[in-house]
Amino acid sequence: MRTVLFSHPACLGHDTGPGHPERPDRIRAVLHALEAEEFAMLLREEAPEATPELLALAHPRSYVDGILSIRPEPDERLMLDGDTLMSHGTRAAALRAAGAAVAAVDAVMEGWARNAFCAVRPPGHHAEAARPMGFCLFANAASAAHHARAKWGAQRVAVLDFDVHHGNGTQAILEDDPDFFYASSHEMPLFPGTGHPHETGVANNVLNVALAPMSGGPEFRAAWGDTIIPAVEAFRPALVILSAGFDAHRRDPLASLNVSTADFSWLSQELVALSDRACGGKLVSLLEGGYDLEGLATSAAAHVRALMRV
């Protein structure tokens, strides 16, 4: 079995405008990095569109229908909050991003792919059940987790988030269900202001490790190696889903951690090994943040290299 990459050209059509950090060039940079010869064995699939019914696993149907009803004109951008907007191409991009997450779950659960990486945008981990937020419209990781249970009977699903910003939306959607486990390392204080260690979910199924500004590789590796990974093993998931944000990179303009590409490579290898031990290697990874193009591209390539075990 091989690693599969899900993406779609529609993800480039989400036009956030000049100066916005969550821009189409992010996907271009990642996909360009994955064109290198070492990734020749990577399976490549177009992401399907998620259906409203699939999105309604994580969101109220009224919210799903409301977002999908917003259809800006080709030259128009509509602000949903201070930094989240919709353009003419956003609806298609958001449906493909969520659809990639669901298709990736199907690929690993069906067994024709060992694991999967979704190079998509807009990201998803800040989207709450009924509120867009932080560049995000739909909670892609939470939708994938619910789909894994609804379609595949995966009763215990772990969502692990190494984006520099806490995934408030994912946590809020999953924390009241003891069969979901959410864990995050993130800089604090930083947007969105959630993710305190005392937030532990309904059954100790939430684990937050806050990293002080200027923390680097040693602190990042300790958070995962000493705290999060042992907790995930104790949870015994049937599937691991990653919110793979690379904005903890020292080059990133939206945060102030000092994580390196080598640290992301180490963590990716550790998480692949964790999935091997816990659930037969069933792992789905979804791109979240990462706003310096060089830091994003090199880190995403290191991440996929670890998934492919090359």
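Colleague: In what order do the eight strands of the open sheet run, and is the pairing parallel or antiparallel?

Modeller: Strands of a sheet pair through backbone hydrogen bonds, either parallel or antiparallel. Here the order is 2-1-5-10-9-6-7-8, and the pairing is parallel. Strand 2 (43-46) and strand 8 (206-211) are the edges, each pairing on one side only. Strands are DSSP runs of E, at least two residues, and helices are runs of H or I, at least four, numbered from the N terminus. Two strands pair if DSSP finds at least two bridges between them. This is a predicted model: local features need pLDDT of at least 70, side-chain atom pairs 80 or more, while totals for chains, interfaces and linings use all residues. Residues are numbered from 1 along each chain as its sequence is written, and side-chain values use heavy atoms, without hydrogens and water.

Colleague: How many bridges join strand 6 to strand 9?

Modeller: Five, between residues 157-161 and 239-244. Val159 has Ile241 as its bridge partner.

Colleague: Which ring pair is tilted?

Modeller: Rings of Phe, Tyr and Trp (its six-membered ring) pair with centres within 6.5 Å; planes under 30 degrees apart are stacked, over 60 edge-to-face, the rest tilted. That rule gives eight aromatic pairs. Phe162 and Phe264 have centres 6.0 Å apart and planes at 45°, so this pair is tilted. Phe162 sits in the loop between strand 6 and helix 6 (168-174), Phe264 in helix 8 (residues 261-279), so the pair ties together parts 102 residues apart in sequence.

Colleague: Which residues join them in the cluster?

Modeller: Ring pairs link Phe162 and Phe264 with Phe220, Trp224 and Phe246.
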